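Student: I have not seen this structure before, and I would like to go through it step by step with you.
Tutor: Then let us look at it together, and ask your questions as they come.

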Amino acid sequence: MLNEETIAAIATAPGKGGIGVIRVSGENAFAIVEKFIGRIPPVQQAKLHRFKSESGEIIDEGLILTFKTPNSFTGEDVVEFHGHGGPVILDLLLSQILNYGARLARPGEFSERAFLNDKIDLAQAEAIADLIDASSSQAAMAAQRSLQGKFSNNITELVLELIELRVYVEAAIDFPEEEIDFLSDKRVSAGVVQIIEKLENILHGAQQGTIMREGMKLVLSGLPNVGKSSLLNCLARDDAAIVTDVPGTTRDVLVKEINIDGMPLHIIDTAGLRQSEDIVEKEGIRRAWLQIEQADQIIYLVDNRVGLQVADQEILNQFPSNINIAVVFNKIDLGTQDSAAKLKVNDFESIRLSAKTGEGIGLFIEYLKNKMGYQNNQEGAFLARRRHINALEKAMQLVLHGQNQLLEYSAGELLAADLTAAQNELSKITGEFSSDDLLGEIFSNFCIGK
C-alpha cells in the first residue's frame with residue numbers, strides 16, 4: 001500500500017547533538033536525494049556527501065543512507081540524511097527537502113506506513129513508542145520483546161485456534177448429516193476450555209505488561225491513624241504527607257510517584273475509612289473509595305498493637321474481589337510481634353512492618369516488585385496497553401458466554417457467533433480488524449519522525 005505522498009521529518013530528539021537525522025519516505029525520496037547530490041547513491045551504503053541548497057550553497061556535510069522498497073522500515077523508498085545535530089542546520093536541511101517535493105510528516109506517520117505496508121502489526125507499532133518511552137531496563141526489554149513479535153505471536157496463535165474451532169463448529173452445523181452431537185463431542189468442549197486457559201495466561205501477562213508500562217496504582221487504605229501517610233513518606237523517602245497522632249489528618253487524596261528498581265509506582269494515600277459527620281472528612285472518604293475501586297493493588301493498614309478488628313473485616317468485605325489486596329500490620333516497633341512474619345489473614349497476604357523505623361520495609365518492597373511483575377518470568381515478559389486488556393477481557397467474556405450456550409443449550413450457532421466476535425476482538429490488538437479512528441488515535445501519540 002504505497003502512498004503517493006513523500007513525507008519527511010527530523011527523526012532525532014529536539015535540541016543540540018553531535019548527529020541529527022532527517023528521514024524521508026515515499027516514491028519521490030530518491031528523486032529528492034538526487035537533487036541534493038546529483039545522483040542516487042548505492043542502496044544501504046553510507047557515503048559522505050555535501051548537502052547543497054538549490055542555489056548551490058552548502059548547507060551541511062554528512063552521510064546519506066538509502067533503502068529501496070520493500071526493504072525499508074516503512075516498506076517504501078526511504079532516505080536518511082545524517083548531518084550535524086544543531087537545530088538550525090537540521091531546520092535548513094528539512095526546509096530544503098520540503099522544497100524539493102516532500103511534506104512534513106504527521107506524528108507517528110512513518111510507523112503508520114510501516115503498519116499499512118505490513119512491515120509490522122499494530123502491537124509492534126505501539127511497542128516502538130513504548131521502547132522510546134521506557135522508564136526502566138525491564139520496560140525497555142519487555143518493549144523490545146513486543147517489537148520482535150512476542151505479544152503478537154501469542155495473539156496470532158490464539159486467533160488461529162479460535163478459527164479452527166469455529167470452522168469445525170460451523171461445519172457441524174452446515175452438514176448435519178455428519179451427526180456431530182455437541183454434547184457428546186469432546187473436541188468442541190475441550191477446545192473451548194483450552195482457549196479459555198490460553199486467554200487467561202495471555203491476559204495475566206498483558207496485565208503485568210501494562211503495569212510495567214504505566215506503573216502500578218497502589219492505594220493505601222485503612223482506619224484512621226494506622227500509619228498510611230507514614231508508609232507513603234517511608235516509600236517516597238520524603239515528607240510528602242502530613243503525619244500527626246490526630247485521627248483523620250488526611251482528608252483528601254494524595255498521589256506520589258516513585259520508582260522501585262526502575263519500576264514505576266503510583267502511591268495514593270487516602271482518608272481513613274470510618275463513619276463521620278464532618279462534611280470535609282465525608283468527602284475525603286468518598287474519594288478514597290473511588291480510588292480503591294480503580295486500584296491495581298490495595299494495601300490495607302492495621303495497627304499491629306490492636307490487630308484486625310470487626311470494623312476492619314467489614315471494610316475488607318466491601319473491597320472489589322478482582323483487585324489484589326494485602327494487609328499490612330504497621331507499628332511493629334511499638335509491639336512485640338515478629339517483624340519477619342509473613343502470614344495469611346482471611347485469605348489476604350499479610351506483612352508486618354514499621355513505617356517509622358523501616359523495619360520490614362524490605363519484605364514489603366519485594367512483595368510490591370513481585371506484584372508489578374519484576375520477578376515474574378522476566379524472560380518472557382512483554383509490554384501491553386489498556387486497550388489490549390480491554391480486548392482480551394471482551395474476548396474472554398464472549399468465549400465464556402459461548403461455552404455456557406454450548407453446555408446449557410447445545411447451541412452450536414451461538415457458540416460459533418461468540419467465537420467469531422472473540423476473534424474480532426483479538427484481531428483489534430494486532431490491527432487485522434481495526435477502525436480508522438483507532439489507528440488515528442494510536443499513531444497521533446507517537447513523536448514526529450517515528
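Student: In which sense, left-handed or right-handed, does α6 pass α13 in their crossing?
Tutor: Please keep in mind that this is a predicted model. The two elements to find are helix α6, residues 150–174, and helix α13, residues 412–430, whose axes come within 9 Å of each other. Where α6 passes α13, the crossing is left-handed.

Student: Are α6 and α13 roughly parallel or roughly antiparallel to each other?
Tutor: The axes of α6 and α13 cross at roughly 160°, and an angle over 145 degrees counts as roughly antiparallel. The two helices are therefore roughly antiparallel.

Student: How many nonpolar residues does the contact of α6 with α13 have?
Tutor: On the α6 side the residues that meet α13 include Phe151, Ile155, Leu158 and Arg166, and on the α13 side they include Leu415, Leu419, Gln423 and Leu426. Sorted by class, this contact has six polar and three charged residues, while the number of nonpolar residues is 15.

Student: Turning to charged pairs, which residue forms a salt bridge with Asp77, and is Asp77 buried or exposed?
Tutor: Side chains of opposite charge can pair when their charged atoms come close. Asp77 has a relative accessible area of 9%, under the 20% limit, and therefore counts as buried. Its partner is partly exposed, at 39% relative accessibility, and with the closest N and O atoms 3.7 Å apart, that partner is Lys68.

Student: In which helix do Arg113 and Glu109 both lie?
Tutor: The side chains of Arg113 and Glu109 meet in a salt bridge, at 3.6 Å from N to O. Both residues are buried, Arg113 at 4% relative accessibility and Glu109 with a relative accessible area of 3%. They stand four residues apart, about one turn of the helix, and that helix is α3.

Student: Which residues are linked with Arg106 and Glu112 in a network of salt bridges?
Tutor: A search of the whole structure finds 25 salt bridges. The network that holds Arg106 and Glu112 also links Glu5, Glu76, Arg103, Glu109 and Arg113.

Note on methods
Residues are numbered from 1 along each chain as its sequence is written. This is a predicted model: local features need pLDDT of at least 70, side-chain atom pairs count only at pLDDT 80 or more; totals for chains, interfaces and linings use all residues. Side-chain values use heavy atoms; hydrogens and water are left out. Axes are lines fitted to C-alpha atoms, for helices over the stretch in contact, and angles run from 0 to 180 degrees between N-to-C directions. Angles under 35 degrees count as roughly parallel, over 145 as roughly antiparallel, 65 to 115 as roughly perpendicular and the rest as oblique. A crossing is left-handed if the near helix is turned anticlockwise from the far one by less than a right angle, and right-handed if clockwise. Contact means heavy atoms within 4.5 Å. Ala, Val, Leu, Ile, Met, Phe, Trp, Tyr, Cys and Pro count as nonpolar, Asp, Glu, Lys and Arg as charged, and the others, Gly among them, as polar. A salt bridge is a side-chain nitrogen of Lys or Arg within 4 Å of a carboxyl oxygen of Asp or Glu. Buried means under 20% relative accessible area, exposed over 50%, partly exposed in between (1.4 Å probe, protein chains only).
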